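Please report on the fold, the cores and the ring contacts of this protein. Keep it brisk.

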Amino acid sequence: MIKQLSREDIANMQERERARLINSLSGFKSANLVGTQDTQGNPNLAIVSSVFHIGANPPLIGMIIRPDTVPRDTLSNLRATGHYTLNHVNSTIWQQAHQTSARYAPGVSEFSEVGLDMQQVDGITAPYVAQSQLKFALALREVQKLEINGTILVIGEIIDIQLPQDSIKADGYIDIESLNTVAISGLDSYHETRRLGRLSYAKPEHPPRQLNLDGEQITERE
């Protein structure tokens, strides 16, 4: 049996029920911890699932932050310092990562509260999460308020990447699954992944071919 929800049905839902439903519709999302630091050196850490690729040259990443009608330490800090980090959540820290969404008082370090360690890199004011296997730092390039709902679009340029050497392949592909990165669905459901395979660049009249992790075509013997 198919359930159909009209615009009116959605509008009449309880607020939290509607939020869970709409957040689930887009499917699996990336799970990242945003690391920032204020001008006095106080760190902040927050989980986000709204990170997305914008372009590779220059290397730009977008992120959506909820409306700034209340204080948002992440937004304030990255505006003040110009730097922030994105740290993949993995299967060993997913519960601690989720806990960073709690509303801690200003000045309280989520790193300390949830039991994650800071990693500092020279020249980057924002802290990394030491336990994250794949992480990168960004320089703030643009902040836009979306008039339709007041959310904030943050665009940053990647200036530093930290990852295990053997996780990046000859053609630049990163084997994220080997790093135990997890995904989010909805607001609070965390998932491990299983790769189906890599496929060749799609061209008209040419069916996709399976590739190995190094981007090479798999032969029948493989």
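Tryptophan 94 is partly exposed, with a relative accessible area of 34%. Buried here means under 20% relative accessible area, exposed means over 50%, and partly exposed lies in between (1.4 Å probe, protein chains only). The model is predicted: local features need pLDDT of at least 70, side-chain atom pairs count only at pLDDT 80 or more, and totals for chains, interfaces and linings use all residues. Residues are numbered from 1 along each chain as its sequence is written, and side-chain values use heavy atoms, with hydrogens and water left out.

Tyrosine 190 is buried, at a relative accessible area of 16%. The structure holds one aromatic pair. Tryptophan 94 and tyrosine 190 form this pair, which is tilted, with 5.5 Å centre to centre and 45° between the planes. Tryptophan 94 belongs to helix H4 (residues 94-99) and tyrosine 190 to strand E12 (residues 189-191), so the pair ties together parts that are 96 residues apart in sequence. For such pairs, the rings are those of Phe, Tyr and Trp (its six-membered ring), with centres within 6.5 Å; planes under 30 degrees apart count as stacked, over 60 as edge-to-face and the rest as tilted.

Another ring carries a charge. The charged end of arginine 198 sits over the ring of tyrosine 173, 4.0 Å from its centre. The criterion is NZ of Lys or CZ of Arg within 6 Å of the ring centre and within 35 degrees of the ring normal.

## Overall make-up

The protein has five helices and 14 strands. Helices (H or I, at least four residues) and strands (E, at least two) are DSSP runs, numbered from the N terminus. The C-alpha trace spans about 60 × 55 × 30 Å along its principal axes. Of the 222 residues, 36% are buried. Among contacts between residues at least 6 apart in sequence, 56% join residues at least 24 apart. Contact means heavy atoms within 4.5 Å.

## Two open sheets

Seven strands form an open antiparallel sheet in the order E3-E2-E6-E9-E10-E5-E4. Strands E3 (43-48) and E4 (51-56) stand at the edges with a single partner strand each, so one side of each has no neighbour in the sheet. Neighbouring strands of this sheet are turned by 35° against each other on average, direction ignored. Strands pair if DSSP finds at least two bridges between them.

Three strands form another open antiparallel sheet, in the order E1-E11-E12. Here strand E1 (29-30) and E12 are the edges, each with a single partner strand, so one side of each lacks a neighbour in the sheet.

Some antiparallel pairings and their bridges:

| Strands | Bridges | Residues opposite each other |
|---|---|---|
| E9 and E10 | 10 bridges | lysine 145 and isoleucine 152 |
| E2 and E3 | six bridges | threonine 36 and asparagine 44 |
| E11 and E12 | three bridges | isoleucine 184 and tyrosine 190 |

The hairpin of E2 and E3 has five residues between the strands, and glycine 41 there takes a positive phi near 90°.

Helix H3 (residues 73-81) lies across E2 (32-37), E3, E5 (59-65), E6 (83-88), E9 and E10, running at about 55° to E2. Axes are lines fitted to C-alpha atoms, for helices over the stretch in contact; angles run from 0 to 180 degrees between N-to-C directions.

## Nonpolar cores

Which residues have the most contacts inside the largest nonpolar core? They are Met63, Ile65, Leu78, Tyr84, Leu86 and Val154, in a core of 15 residues. The elements giving two or more residues to this core are E5, H3, E6, E9 and E10. A second, separate core of 14 residues includes Ile47, Ile93, Leu116 and Val182. A nonpolar core is a set of buried Ala, Val, Leu, Ile, Met, Phe, Trp, Tyr and Cys residues joined through side-chain atoms within 4.5 Å.

Leucine 78 touches Thr36, Met63, Ile65, His83, Tyr84, Leu140 and Val154, not counting residues up to four places away in sequence.
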